[in-house]
Amino acid sequence: MKLYMHPVSQTSRPIRLLAAEKQLPVQEEVVDLMIGAHHEEPFASFNPSRQVPVLVDGDLKITECSTILKYLADKHQLPEYPTDFKQRARVNEVMDWLNTGFYRDWAYNLVYPQIFPHHKRPSEEGHRVTIEWGREKSQFWLSVLNDYYLGQGSQWLVGDQMTIADYMGAGYVALGEIIRFDLTPYPNVTAWLARMKALPNWNPVSEVIDGFAGSLHDQTFIN
Ligand SMILES: N[C@@H](CCC(=O)N[C@@H](CS)C(=O)NCC(=O)O)C(=O)O
């Protein structure tokens, strides 16, 4: 299997982490987002959405972080994607919630406009309003994560075992480190993220992202 990815991509990190932790036979191929390789051929035709990650397994090609995590877990029968249909529905719920709620405001409105030049809005006012919207909405989503999904002593997002929802969620939340987002008001989120960071492969998989964050240490961010 081949994973087209970028090491700074937050949607690639959960897959890379799962593959490393479970020693899955996934070969990585970097698509250099930093030089716009995703907008050039052959990648632009390979994934017309011009995004990573993409997984190729024989004649199967799939995009979407959530789909790829589920596919890998199913293929390798990992307990991280429970077969009990009610438990599975809850894992799916959290993954959909992360993608359609949290991720939009957190990544595309708060973080990306501040770190990627091609996400800057055309006017200063539009840029400022986007980030402010992202900041307010992200605070709301983080309080749902903290108080609901991780409330009442929950160690993991679903049930009492780590699931692929935790892999995905932790990769997404950790994106905030690039803009030095303060998670202190969300103690359940902080403790859960620390549990995920204790995985043996968290640091190796996050090395390039951490280096990227370090390179921006002189930059001021709204968060
Ligand atoms: N819906 C996709 C989103 C993937 C995505 O946002 N990929 C980003 C990297 S994290 C990307 O390739 N961005 C290219 C760009 O910003 O030009 C998924 O969940 O996998």
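Into which domains is the chain divided? The chain is divided into domain 1 (2–76) and domain 2 (85–215), with bounds that come from an automatic or database domain assignment. The model is predicted: local features need pLDDT of at least 70, side-chain atom pairs count only at pLDDT 80 or more, and totals for chains, interfaces and linings use all residues. Residues are numbered from 1 along each chain as its sequence is written, and side-chain values use heavy atoms, with hydrogens and water left out.

**View 1. The two annotated regions.** In an unreviewed entry, UniProt lists residues 1–80 as "domain: GST N-terminal". The annotation "domain: GST C-terminal", also from an unreviewed UniProt entry, covers residues 84–221. UniProt positions are given in the numbering used here, feature names are shortened, and annotations may be inferred rather than shown by experiment. Residues 1–80 are 30% helix and 20% strand, and their end C-alpha atoms are 20 Å apart. Residues 84–221 are 67% helix and 0% strand, with end C-alpha atoms 43 Å apart. Helices (H or I, at least four residues) and strands (E, at least two) are DSSP runs, numbered from the N terminus.

**View 2. Strands β1 and β2 with helix α1.** Strand β1 (residues 2–5) pairs with strand β2 (residues 27–30) in the parallel sense over four bridges. Two strands pair if DSSP finds at least two bridges between them. The chain passes from β1 through helix α1 (residues 13–21) to β2, and this β-α-β crossover is right-handed. That term applies if, with the strands pointing away from the viewer, the path from the first strand over the helix to the second runs clockwise. L3 has E28 in β2 as its bridge partner. The loop between α1 and β2 holds Q23, whose phi is near 55°, a positive value in a residue other than glycine.

View 3. Strand β3 (residues 54–57) and strand β4 (residues 60–63) pair in the antiparallel sense over four bridges. Opposite V56 stands K61 in β4. The hairpin of β3 and β4 has two residues between the strands, and G58 there takes a positive phi near 60°. β1 and β3 run antiparallel and are joined by three bridges. K2 stands opposite V56 in β3.

**View 4. Two cis peptide bonds.** Most residues other than glycine have a negative phi, and most peptide bonds are trans. The bond from E41 to P42 is cis, with omega near 10°, and P42 is in the loop between β2 and α2 (43–46). The bond from V52 to P53 is also cis, with omega near 5°. P53 is in the loop between α2 and β3.

**View 5. The contact of domain 1 with domain 2.** Taken over C-alpha atoms, the centres of domain 1 and domain 2 are separated by 19 Å. The contact takes 20 residues from domain 1 and 25 residues from domain 2, where contact means heavy atoms within 4.5 Å. About 2,200 Å² is buried between domain 1 and domain 2, and carbon and sulfur atoms give 63% of this area. Buried area is the accessible area (1.4 Å probe) that two parts lose on being put together, summed over both. In domain 1, Q10, R13 and L17 lose the most area to domain 2, together 34% of what that side buries.

View 6. A salt bridge is a side-chain nitrogen of Lys or Arg within 4 Å of a carboxyl oxygen of Asp or Glu. The structure holds nine salt bridges. D74 in helix α3 (residues 65–75) and R88 in helix α4 (residues 85–115) are 14 residues apart, and the pair links distant parts of the chain. The closest N and O atoms of D74 and R88 are 2.8 Å apart. Across the interface of domain 1 and domain 2, one salt bridge is found.
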